[in-house]
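Try each task before you read its solution.

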Amino acid sequence: MYKIKTFNQISVKGLERFGRDKYEVGSAIGEPEAILLRSHKLHSEVLPESVLTVARAGAGVNNVPVDEYSKKGIVVFNTPGANANAVKELVLAGLLLGSRGIKSGIDHVKTLHDVTDAAELHKTLEGQKKLFAGNELMGKTLGIVGLGAIGSLVADMALALGMKVIGFDPALSIEAAWRLSSNVQRAENLHALLAHSDYVSLHVPAIDATHHLINDEALSQAKPGLSLVNFARESIVDPAAIVKALDAGKMKSYVCDFPEPIFYGRDDVIAMPHIGASTVEAEENCAIMAADQIIDYLENGNIKNSVNFPAVSMARCEGQRIIFSNENVPKVLGNVLSVLADNNVNVIDMMNRSRGDLAYNILDIERTTFDNIAQEIAKIEHVKLVRLIG
């Protein structure tokens with residue numbers, strides 16, 4: 001019986017993936033093998049030694065001390081793409097809000113509550129509607145920074161709306177490149193993208209390399225009248241630089257999911273309360289994906305969508321499965337195979353992958369009476385974690 005400890009409210013559709021015959025799930029679980037969470041911060045939590053994996057039902061893992069867990073051999077999962085459609089749809093709303101006087105118009109209508117005659121109200125609004133005129137999206141250029149699961153969907157949406165699309169992503173994966181429309185033009189760098197875009201939408205992770213990616217220098221290269229949309233992470237943008245560009249008339253509007261005190265009272269900033277992935281469907285999709293990744297790892301040792309370990313997946317053979325992680329240094333796998341050979345354990349199939357300083361291995365072996373096989377492998381230098389499955 002595997003134990004899964006949950007933090008936050010996890011979608012029932014995700015929790016239902018854990019069969020009751022194999023799993024015990026709850027927020028009060030002790031000594032769990034896995035942790036499933038959304039936004040709960042784990043940096044101050046002392047994890048039991050029983051924990052093998054942590055899965056976040058969401059894309060970012062800022063609330064998880066990934067480096068610390070990597071040293072312990074704990075696999076950290078996220079759910080990239082599960083909330084992509086929810087964010088894409090909100091980006092569309094952001095583009096429209098940034099280009100038309102929608103919000104200011106709605107706010108103005110609310111101020112006319114003392115006009116009780118319908119004919120007078122309609123006449124007044126007819127004369128004032130020119131105050132809220134804006135621009136159409138068709139024919140304009142959208143620059144997309146980050147072309148992963150969300151960015152590629154935003155690109156398709158913009159093309160369908162008749163926009164021109166420029167993309168920039170120095171870390172574009174082969175898988176993401178295959179998803180991308182051939183109609184997306186490639187920018188050589190961020191400055192080139194900003195210089196040619198009427199609108200820019202950000203879709204990069206919050207890492208050291210993207211901290212204040214949009215700053216004074218970047219915005220100095222922007223096309224005048226830029227509307228910037230940020231439903232990625234707050235740290236990607238320097239709020240002071242945004243205000244300076246808006247005050248100077250360099251930018252037309254900033255629409256984001258991350259309110260800052262410096263934005264209060266500004267009509268040219270529309271800040272939402274971090275609702276990019278706040279749909280029933282997105283929460284269900286994230287919970288289901290996270291649960292399935294936990295199950296496949298615990299039962300089969302397979303890894304998909306880990307932020308710290310390599311992607312490794314191997315079909316099960318007859319017999320038993322050994323999985324182990326280790327520091328990515330020479331001779332570790334050879335020493336493990338020597339232990340198996342010395343104990344007459346035959347290897348049926350195997351897979352070895354590495355990612356940075358970590359290596360991960362799956363070995364299918366013939367069933368053995370060697371009871372202490374996991375303990376013997378764990379004694380090998382540089383091995384972090386070992387499990388025997390099945």
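**Exercise 1.** Is Arg 321 buried or exposed?

*Solution.* Start with the source. This is a predicted model, in which local features need pLDDT of at least 70, side-chain atom pairs count only at pLDDT 80 or more, and totals for chains, interfaces and linings use all residues. Residues are numbered from 1 along each chain as its sequence is written, and side-chain values use heavy atoms, with hydrogens and water left out.

Next, take the cut-offs. Buried means under 20% relative accessible area, exposed means over 50%, and partly exposed lies in between (1.4 Å probe, protein chains only). Arg 321 has 0% relative accessibility, so Arg 321 is buried.

**Exercise 2.** Find the salt-bridge partner of Arg 321.

*Solution.* Recall the rule: a salt bridge puts a side-chain nitrogen of Lys or Arg within 4 Å of a carboxyl oxygen of Asp or Glu. The partner is Asp 364, with the closest N and O atoms 2.7 Å apart. Now place both residues. Arg 321 sits in strand S13 (residues 320–327) and Asp 364 in strand S15 (residues 358–365), so the bridge ties together parts 43 residues apart in sequence. Strands here are DSSP runs (E, at least two residues), helices are runs of H or I with at least four, and both are numbered from the N terminus. Asp 364 is also buried, at 0% relative accessibility.

**Exercise 3.** Classify both residues of the salt bridge between Glu 376 and Lys 379.

*Solution.* The N to O distance is 3.6 Å. Glu 376 has 31% relative accessibility, so Glu 376 is partly exposed. Lys 379 reaches 63%, so Lys 379 is exposed.

**Exercise 4.** Describe how helices H3 and H6 cross.

*Solution.* First, locate them: H3 covers residues 84–99 and H6 covers residues 149–160. Their axes come within 9 Å and cross at roughly 50°. Axes are lines fitted to C-alpha atoms over the stretch in contact, and angles run from 0 to 180 degrees between N-to-C directions. Under 35 degrees is roughly parallel, over 145 roughly antiparallel, 65 to 115 roughly perpendicular, and the rest oblique. Therefore H3 and H6 are oblique to each other.
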